[in-house]
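Hi,

Here is the structure I promised to pass on.

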Amino acid sequence: MQKSATLAINERSAALRAQGVDVIGLGLGQSPFPVPPSVAEALRRNAHQKAYLPVEGLPELRTAIAGYLRRTEGIEADPGGVIVGPGTKELMFLLQLAFEADLVLPAPSWVSYAPQARINQRQVCWLPTRDRDGLRVTPDSLDALCREEPDRSRLLILNYPGNPTGTAYSSTQLEDIAAVARRHGVIVLSDEIYSGLNFTGEHVSIARFYPEGTIISNGLSKWCGAGGWRVGAFVFPRELEWLEATIAAAASETFSAVSAPIQYAAVVAFDGNDEIDDYLSRSRRLLRALMTTSARRLRDAGATVPEPQGGFYLLPRFHADCPRFRQGRPDTAADLCESILTDTGVAILPGSDFGLAPEQLLVRLAAVDFDGEAALAGFDELAEDTVPDEAFLRTYCARTMTGIDRLCDWIEDREQD
Ligand code: PLP
């Protein structure tokens, strides 16, 4: 086993920086934004909370999470179906431990799902995707897989807005996938960790169409800027209570309960308030401008890029006629990333870390190398609902924009600044 690819690129970038290289960090997908002040203040207020909390989580937090789903998604969730964990990643691991099933993943998918399956000795089935579907999974590919061996138990993980694609699914697409999942008894883990960063401000969960077979996963790491706080939750429907109970049993023998002060502070985040609404609105407006501008620039340089719909990722595909490849075409996406890091100082990740074939020249960018706090404050100068223009992006997201410039220059084989 190797260290998780995203953490490894962070360490490699840090080592290069220590040697004096100006590395632009578009590798690790960490939120650039601060924790909203009201949530950080709640953590300070609750520093004295020292007791172990119930394994499934602080009752007020479980209620707040159910309320959050009602408010943001129109989903009726029972607080009793909520389990809080030290990040959703740990809960995903325990789910795969508890549920003996094949793991079904769209290629590409987030880096850690498949390694977790391997540790748990579960089989991984990759569903192919196509550029023309925006690298989304289709109901037909899920149906074809399930028909091959109808009797196997399966867990499908869907993540939208997606890491690494930056795309989301429409209600119709989700409804169609839900129908196939229901027909074949596939359990869906709906990874909604980027739901608050959907550029439209609206997020539709597949649980609306398949409530009895969907587990919702969400947490504070992305839309609340609190990845290092390590708090996330799963929400189970009544039909899957047995699975929640098994995970709670495993949790009681491993992490016991999430840190108490963090859980009290998380109540404020999930309850929401005007300040958090404004914070989210600014985050989304900034990311929409930054991601769509970056995608357009990369497309102009000749890459194929799915239209971003949320979060902070892009997954450009490089083509054989890329001018830079006149100097030699890399054999793999990993070689491509290595050349880009050496030639431009821009750290990105190969698509092969996300389940794509090594020779497919797709790379993932996390457009997060900027000071999110300053960028959000920059909106004080903008009229409400104004879309930040390129001058705004160059002021507040300068390093990320420079990273995109360097990448485009590299693709087009122009001199680097
Ligand atoms: N799911 C996706 C798609 C992610 O990108 C991440 C983190 O990068 C996670 C889950 C895990 O988040 P956490 O464990 O911080 O809740």
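Before the rest, some ground rules. This is a predicted model, in which local features need pLDDT of at least 70 and side-chain atom pairs count only at pLDDT 80 or more, while totals for chains, interfaces and linings use all residues. Residues are numbered from 1 along each chain as its sequence is written, and side-chain values use heavy atoms, with hydrogens and water left out. Helices (H or I, at least four residues) and strands (E, at least two) are DSSP runs, numbered from the N terminus.

**The sheets**

P350 and V363 belong to a pairing of β11 with strand β12 (residues 363-366), which is antiparallel and runs over 2 bridges. Two strands count as paired if DSSP finds at least two bridges between them. The open sheet here has 3 strands in the order β9-β12-β11, with antiparallel pairing. Its edge strands are β9 and β11 (349-350), each pairing on one side only.

Another open sheet has 7 strands, ordered β2-β8-β7-β6-β5-β3-β4, and its pairing is mixed. At the edges sit β2 and β4, each of which pairs on one side only. On average, neighbouring strands of this sheet are turned by 20 degrees against each other, direction ignored (axes are lines fitted to C-alpha atoms, for helices over the stretch in contact, and angles run from 0 to 180 degrees between N-to-C directions).

The two ends of that order give you both kinds of pairing. β2 and β8 pair in the antiparallel sense over 4 bridges, and V84 has A233 in β8 as its bridge partner. β3 and β4 pair in the parallel sense, over 4 bridges, with V104 standing opposite C125 in β4. The covered face of β4 has C125 and L127, and the uncovered one has V124 and W126.

F234 is found in strand β8 (residues 232-235). At 0% relative accessibility it counts as buried (buried means under 20% relative accessible area, exposed over 50%, partly exposed in between, with a 1.4 Å probe and protein chains only). Leaving aside neighbours within four places in sequence, F234 is in contact (heavy atoms within 4.5 Å) with residues including V82, I83, L91, M92, L95, L189, I215 and I216. By contrast, the C-alpha atoms of F234 and V346, 112 residues apart along the chain, are separated by 35 Å.

**Helix α8**

Helix α8 (residues 241-252) has 12 residues and reaches 16 Å from its first C-alpha to its last, close to the 16 Å expected at 1.5 Å a residue; the expected span is 1.5 Å times one less than the number of residues. Its buried residues are L243, E244, I247, A248, A250 and A251. Seen down the axis of α8, these fall within an arc of 160 degrees, so they line one face of the helix. The arc is that of the directions from the helix axis to the C-beta atoms. What covers the buried residues of α8 includes α3 (59-73), β2 (82-85), α4 (88-98) and β7 (214-219).

**Salt bridges**

How many salt bridges does a search of the whole structure find? The search gives 23, counting a side-chain nitrogen of Lys or Arg within 4 Å of a carboxyl oxygen of Asp or Glu.

- D102 and R152 meet through their side chains at 2.5 Å, N to O. D102 is in strand β3 (residues 102-106) and R152 in the loop between α6 (139-148) and β5 (154-159), 50 residues apart. D102 is buried at 4% relative accessible area, whereas R152 is partly exposed at 34%.
- R317 pairs with D131, the closest N and O atoms being 2.7 Å apart. R317 lies in the loop between β9 (313-314) and α11 (333-344), and D131 in the loop between β4 (124-127) and α6, so the pair ties together parts that are 186 residues apart in sequence. R317 is buried at 17%, and D131 is partly exposed at 36%.
- D405 pairs with R297, with 2.4 Å between the closest N and O atoms. D405 is in helix α14 (residues 398-411) and R297 in helix α10 (residues 274-300), 108 residues apart. Both D405 and R297 are buried.

There is also a network: salt bridges that share partners join D22, D369, R399 and R406.

Cheers
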